[in-house]
Structures are given as C-alpha cells and as structure tokens.
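The sequence and structure are shown first.

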Amino acid sequence: LAKDYRDALLSDILPFWLKHGLDKANGGIRTAVGRHGELLDSDKSVWFQGRAAWVFASVYASGERRPEYLEAALSCACFLRDRCVDQSHPDHKLLFTVTECGDPLRMRRYVFSECFAASGYAAVWRATGEEQWKGLAIDTFALFLRYLSEPGLIPPKTSPSTRPMKGLSPLIMTLATAQDLREAFTEDVVVHGRTLTEWSAAAIAEIRRDFCKPDLRAVCETVGPSGEIYDSFDGRLLNPGHAIEGAWFILREHRHTKDESLKRLGLDMLEWMWERGWDKEYGGLLYFVDLYGKPIQEYWHFMKFWWPHNEAVIATLMAYVLTGEQKFAEMHRKVHQWTYTHFPDPEGGEWFGYLDREGRPTSELKGTMWKGPFHIPRQMLVCWKLVDEIAPKEVPKAVQVEASTPQIGRASCRKECRSRWSPYH
C-alpha cells in the first residue's frame, strides 16, 4: 500500500502538475486546467503558490531529492514572495488571485493565503536551509495570527450586534500551520507571543469547547461566541470532510504531545462525522449535512468532492495506526476503495474533482482556483509515510485488500471512466 501511494504521487500527480501547471516563463503555478492539462485560465491562485511550494518541497525533503521538485517549490515560493503581496496594503497582505505575471486581481477579507504561504515557506526552508524562508514563514504566520486575534481586522460575515458568529476554519488553519512550521523547523519557535505548540493547544481547546457537541455527536462549522447553536441554515450546516480533516490534525498533535485526551477527541470527531457524512446508499462522503437532518440550502450538498475523501483516507489510516482497532481499518478500506474507484482519471491523468452523488464526474476540470496540487498529493505523502511505520505483518487485511486500487490502471479503467463521464449528471 505504501508503494501504491508513493507511485501514484511520483508517477501521476506530481508529473501532471510539473508538465501542465508550472509556469516556466513567469514563475509560480497555474491551476485552471482541463482534463488533459490544457490551460483554461492563466490567472493564478495565491493559495496554490504556497500549497504547491509545500507539496514539492515536502516531497523533496522526504528523501525524493529530484531537482525538478526543488525547482518547482522555489518557483512557487519566489513568485509568492515577489508577486503576490499587495504592496498598497498597510500590512502587506497577500492577495487571493493575481494574473499570470503577478498583477493584483482580488483581495479577500480573511488571511488564509498567509497560512498556506507560511507552510510553503517553511517547507522550502526545510528543503534548502536558506534562512530567508524561515524568516518569511514566521513573519507571515505572525500576520495571520495578528489578524485572527485583534478584533476588527477581519470584517465579520454577519452583523455582530444581531448574530455574532465564529467559524471552525480559522482554528483548523491555526492548528495546521503551527504544525507545519514546527515539523519543518524541528523546534518549537515563538510566533506572535506563543510557541507553535501553544498556538496548537489553544486552537484545539476552542474546537473542543465550542464546536464539538458530544450530545449531538457532531462538529459544528459555525457557532455563537460561546459555542451557541443557531437554528438557521448556516448554524445547522455541517461539513463532514472538513471536520474529519480537523480530526487528523488533532491526532497528529497527539502524536507530538502524547496527550491521550487529544487522541480521544480526534477519534470522536472522526467517528461522529463519518456517521453523519458517509452516504449509506451510494458510498462516499456527502459534502454538507444538516445538524438536525433538515433540508439544506446549498444545492451541491449531495455531491462528492475530492478533498473530503483525501482527508478521510488520512484520518482513518492514522486512527488505525494509533489504535490498531479493526473498525478504523475497515473505514479506511471503504473510503480508500470508493475514492480510488471514482476520482482518478486513467485517461487524462490526475483526478476528477467534482462528482455527483452516484460518483459520476460532473466536470472535466482537473484544476481551478480551489483545486490543484495539495489535498491529493498531501494525502499520498502522509499515507505513504504512515504505512511505512507499520511492519508488513501488522497491516490488517481490511487495509491490504485494496492496496492495488491506485494502480488499477490506465488500461483497465479507461473504458469504464469514459462510460461514467457525462457533463449532465
């Protein structure tokens, strides 16, 4: 299984983006590509400059020291540093989108570009040892943390006098970015007044206190300031894949701190949201579900997106590695099998991103401003390393049984994939 994850990463996913995404003329990466990599929009996602830098630098630092990986990571990091900062902004915030040569297009109110940039810079430092990247990672994460902690810097989505709300996303981003920096630096540096581990602990404490609802076996996406549940479309909306992503970040923190309460919290979040999100009729993870089982406003709620499945593949495997419990091996087998049966495209390479409820592609796109080289290669890299931790005799049959699925190859699946494809489903 480790070999399958590694081979799919190194033989399919990374070559696809090196060939079709990397901008050799201007630097950085373009992600808006069609089924066979044809460029559909030359504008660039700032998120993906940091995300791709993290992916290529992390694979390079993991031992796969191919020069093209380091060159790609540096290209994205340099483009991010030189072309994606809004020089007119008083805090020099990062933009959200730019043109292919780096002219500004769009700034968003929040600061997630900074998180992905910080992780990317840290990974490039790990790969190169060049101090500028470590300094940039710390400064960029500090800017994110300042915006998160100082009231008024991020305009609220709803009127705070009428319905004050807070979201799960900033906490998950805090946790993930702090972990990425700590792993890259191999030390617990102080950023914006706290160590990285202290930032992780604070984010987890707030998730546990305000967003986790043990009585409902749910993890909320938005709540009131003290964890209140609003009985509205937004207040009831759950995103199982997002919560499952948060669950494995918390399990990852347990692996660092050995705090057993974190393991229990991560496992609970995984199980609660698996129960709510797994589609018992067609398989796969539903994108949105309602806390109380009421109808959902978002019309794509029943669709199967690529990234929640990537996060569930990681989370279920990590849960098995940490516990040895067969139920997590079976969950991993189910999500791995469904994911690798439906998303990979043997004909065009890489993965489809957007499927209908039954698992049929609704779009030929391989990349957008939201989909590019991040969730898929991260899943493959993390799972490859997780399976490497398990002696072969310890890999349970439920995990082994689909070990060859990623290699169902480009020949045997081609006819089936063509028959599945329809833009009208």
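## Terms and basis

Contact means heavy atoms within 4.5 Å. The model is predicted: local features need pLDDT of at least 70 and side-chain atom pairs count only at pLDDT 80 or more, while totals for chains, interfaces and linings use all residues. Residues are numbered from 1 along each chain as its sequence is written, and side-chain values use heavy atoms, with hydrogens and water left out.

## Asp180

Asp180 lies in helix α6 (residues 169–185); helices (H or I, at least four residues) and strands (E, at least two) are DSSP runs, numbered from the N terminus. Leaving aside residues up to four places away in sequence, Asp180 touches Trp54, Ser119 and Arg252.

Asp180 counts as buried because its relative accessibility is 14%; buried means under 20% relative accessible area, exposed over 50%, partly exposed in between (1.4 Å probe, protein chains only).

## Helices α9 and α13

The axes of α9 (residues 240–257) and α13 (residues 375–388) cross at roughly 35° and come within 14 Å. Axes are lines fitted to C-alpha atoms, for helices over the stretch in contact, and angles run from 0 to 180 degrees between N-to-C directions.

On the α9 side the contact is made by Glu245, Trp248, Phe249 and Arg255, and on the α13 side by His375, Arg378, Val382 and Leu386.

## The sheet

Three strands form an open antiparallel sheet in the order β3-β4-β5; two strands pair if DSSP finds at least two bridges between them. The edge strands, β3 (44–45) and β5 (104–106), each pair on one side only.

Strand β4 (residues 97–98) pairs with β5 over two bridges in the antiparallel sense. Pro104 in β5 is the bridge partner of Val98.
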